[in-house]
Amino acid sequence: MQTITITGGHTLHGTIRPAAAKNSVLPLLAATLLCGGPCCLRGAPELSDVDTSLALLQAVGAKAVRHGPDLCTLPVAAQGLCGEIPPPLAGAMRSSVFYLAPLLCRTGMVRLPLPGGCRLGPRPVDIHLSGLAAMGAKVELEGEAVTLRRFGPLQGVDFTLRLPSVGATITLVMAACCAMGTTVLRGAACEPEVCDLVEFLRSCGAQITGEGTPVLVIRGRQALDGITYTPMPDRIAAATYAAAVAVTGGKITVAGCAPRYYEAFLRFLEDCGVEVRRGENGAELARDPGRQLRGGQHLYANGWPAFATDNAPLAAAVLLTADRPSEIYDHLFANRFACAAGFAALGADCRAEGRRLWIAGNAVLQGAPVQAPDLRGGAALLVAALAARGTTQLRDPGHIRRGYADLPAELEKLGARCSARRQATPERTPATG
Ligand code: EPZ
């Protein structure tokens with residue numbers, strides 16, 4: 001358990017650069033299993049989900065190590081790989097699901113105990129499984145585990161995703177790279193992290209078109225090389241820093257992350273009264289701390305390019321002190337707003353009703369003990385505490401460190417007063433992703 005102590009009321013100034021995106025690095029690590037040469041991912045952040053992924057790769061017989069800021073993998077012969085994913089590693093993060101396709105392709109069999117993940121509501125994997133089944137995989141569900149086998153190579157298919165799941169699109173793109181013939185994926189997710197995976201695979205030799213649109217076409221069975229690749233910047237971390245300066249006031253530059261990656265969030269901040277200057281590869285955000293933010297916002301979180309679900313709790317943190325009531329609806333996750341209890345403990349008037357969060361605004365926030373319920377909810381509580389009078393103790397059973405290498409230290413560099421203390425007794429950290 002980590003306790004983050006935040007003393008609110010300090011404006012932020014300076015420049016900050018988000019690390020490589022967690023939600024890109026995690027699938028990319030799984031995709032390296034498909035490559036016939038060594039791979040290196042540049043500037044991979046030191047997150048606990050990355051550590052879990054390295055442990056998972058090693059557990060299935062792959063060779064993956066950290067070299068300073070980079071993560072490097074070596075190719076392994078199929079005979080050296082095993083398709084059994086150990087339950088503690090599967091359950092430790094949602095991203096264990098990304099190993100289904102590469103291990104099925106390489107070894108002919110993969111067994112995945114139920115993947116973990118932030119408790120954002122039900123998170124089934126039916127689309128991953130039905131897509132793989134359409135390619136010829138035999139799917140066996142047994143208790144809480146799924147086993148996939150193939151007898152011969154997977155076959156290219158024309159497959160329509162029931163809904164544009166990011167994870168299922170990633171799974172099926174990887175599987176299609178190994179399948180015989182051409183695969184057409186319809187209703188695919190268009191998120192930048194999907195495009196990043198496609199760019200990585202294409203640089204390795206894969207033939208894929210249509211990324212960023214709902215129809216992807218993949219010609220399979222091309223030999224994939226190993227490459228050195230720089231994953232895209234973390235757009236959710238960029239939004240987190242932007243939310244922080246919105247609540248405290250001040251002026252910061254978020255460098256190294258193109259504004260288009262979080263344009264919906266930047267537009268939302270402008271609507272609230274934050275000044276945003278966009279550059280090609282960065283954004284400058286300024287807010288006069290003496291002026292109250294504008295509320296009256298109605299946000300609808302959905303898949304790209306709509307307002308990102310991961311940014312919904314951060315938007316809520318911004319709206320707590322705004323001058324009018326606002327509401328946020330999350331189309332993707334049934335339990336996105338578990339952080340509402342923490343906001344209320346800080347003195348905000350807000351109500352989470354299913355997928356909807358209603359926020360009264362005009363809160364005078366006061367530091368209090370709160371607990372991070374999940375990764376983005378935890379980051380949102382930290383942001384809200386920056387705007388509170390007095391001191392907040394934010395207890396975090398390990399959620400925040402899964403998405404941000406050291407969020408308190410990063411914010412401190414901008415002038416926030418926050419520090420993290422790790423409790424000596426180790427506790428089991430919850431799953432996320
Ligand atoms: C990814 O989760 C991200 N995680 C999430 O970020 C992010 O919130 C989400 O995409 C949406 O952008 C990772 O990349 C590791 P989905 P994923 O499949 O792939 C339903 C964070 O904080 N669904 O697009 O799990 C599902 O239940 C995390 O960084 C099915 O019904 O998201 C959900 O309601 C949290 N069947 C919706 O689709 C399936 O087979 C969207 O899920 C798959 C998904």
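**Figure 1. Helix 10, tucked away inside the protein.** Eight of the eight residues of helix 10 are buried, so this helix is largely enclosed by the rest of the structure. Keep in mind while you look that this is a predicted model. A residue counts as buried when its relative accessible area is under 20%.

**Figure 2. A cis peptide bond between W304 and P305.** Have a look at the link joining W304 and P305: this peptide bond is cis, with omega at about 5°. And where does P305 sit? You'll find P305 in the loop between strand 17 (298–301) and helix 10 (312–319), so this view leads on to the helix of Figure 1, because that loop runs up to helix 10.

Figure 3. The contact takes 19 residues from domain 1 and 18 residues from domain 2.

**Figure 4. The ligand sits between the two domains.** Why is the ligand said to lie between domain 1 and domain 2? Both domains give residues to the shell around the ligand, so that is where it lies. Count the neighbours and you get 25 residues surrounding the ligand, the closest being D126, S165, V166, D310 and L332. Sorted by class, the shell has 10 nonpolar, seven polar and eight charged residues.

Figure 5. Which helix gives the most? That's helix 5, with three residues.

Figure 6. Let's zoom in on some distances. An oxygen atom of the ligand is 2.6 Å from a polar backbone atom of L332. At V166, a polar backbone atom is 2.7 Å from an oxygen atom of the ligand. With K22 it's the side chain that takes part: one of its polar atoms lies 3.0 Å from a ligand oxygen. How much of the ligand's surface does the protein bury? Taken alone, the ligand exposes 830 Å², and the protein buries 94% of that.

**Figure 7. F200, a buried residue in helix 7.** F200 belongs to helix 7, which spans residues 192–203. Is F200 buried or exposed? Its relative accessible area is 0%, so F200 is buried. Look around and you'll see F200 touching L28, A31, T32, C35, C39, L41, I227 and Y229, leaving aside residues up to four places away in sequence. Take L28 from that list: 172 residues separate F200 and L28 along the chain, yet their C-alpha atoms are separated by 7.7 Å.

**Figure 8. E193, also in helix 7.** Staying with helix 7, we come to E193. With 5% relative accessibility, E193 counts as buried. What does E193 touch? Apart from residues up to four places away in sequence, its contacts are N23, S24, M232 and R235. Another pair to find is E193 and I170, which are 23 residues apart in sequence and 9.0 Å apart in space, going from C-alpha to C-alpha.

**Figure 9. T52 and its contacts.** T52 is part of helix 2, residues 48–59. Its relative accessible area is 12%, so T52 is buried. Not counting residues up to four places away in sequence, T52 touches L89, A92 and M93.

**Figure 10. Two loop residues with positive phi.** Our last stop is a pair of backbone angles. R221 isn't a glycine, but its phi is positive, near 65°. Find R221 in the loop between strand 12 (215–219) and strand 13 (228–229). N362 isn't a glycine either, and its phi is also positive, at about 55°. This residue, N362, is in the loop between strand 20 (356–359) and strand 21 (369–371). How accessible is N362? At 45% relative accessibility, N362 counts as partly exposed.

Terms used: Residues numbered from 1 in each chain as written. Predicted model: local features only at pLDDT ≥ 70, side-chain atom pairs only at ≥ 80, totals over all residues. Heavy atoms only, no water. Near = heavy atom within 4 Å. Polar contact = N/O pair within 3.5 Å; in protein donor to acceptor, adjacent residues only side chain to side chain. Areas by Shrake-Rupley, 256 points an atom, 1.4 Å probe, with all protein chains shown as cover. Helix = DSSP H or I, 4+ residues; strand = E, 2+ residues; numbered from the N terminus. Nonpolar A, V, L, I, M, F, W, Y, C, P; charged D, E, K, R; others polar. Domains from an automatic or database assignment. Buried < 20%, exposed > 50% of the residue type's maximum accessible area, 1.4 Å probe, protein only. Contact = heavy atoms within 4.5 Å.
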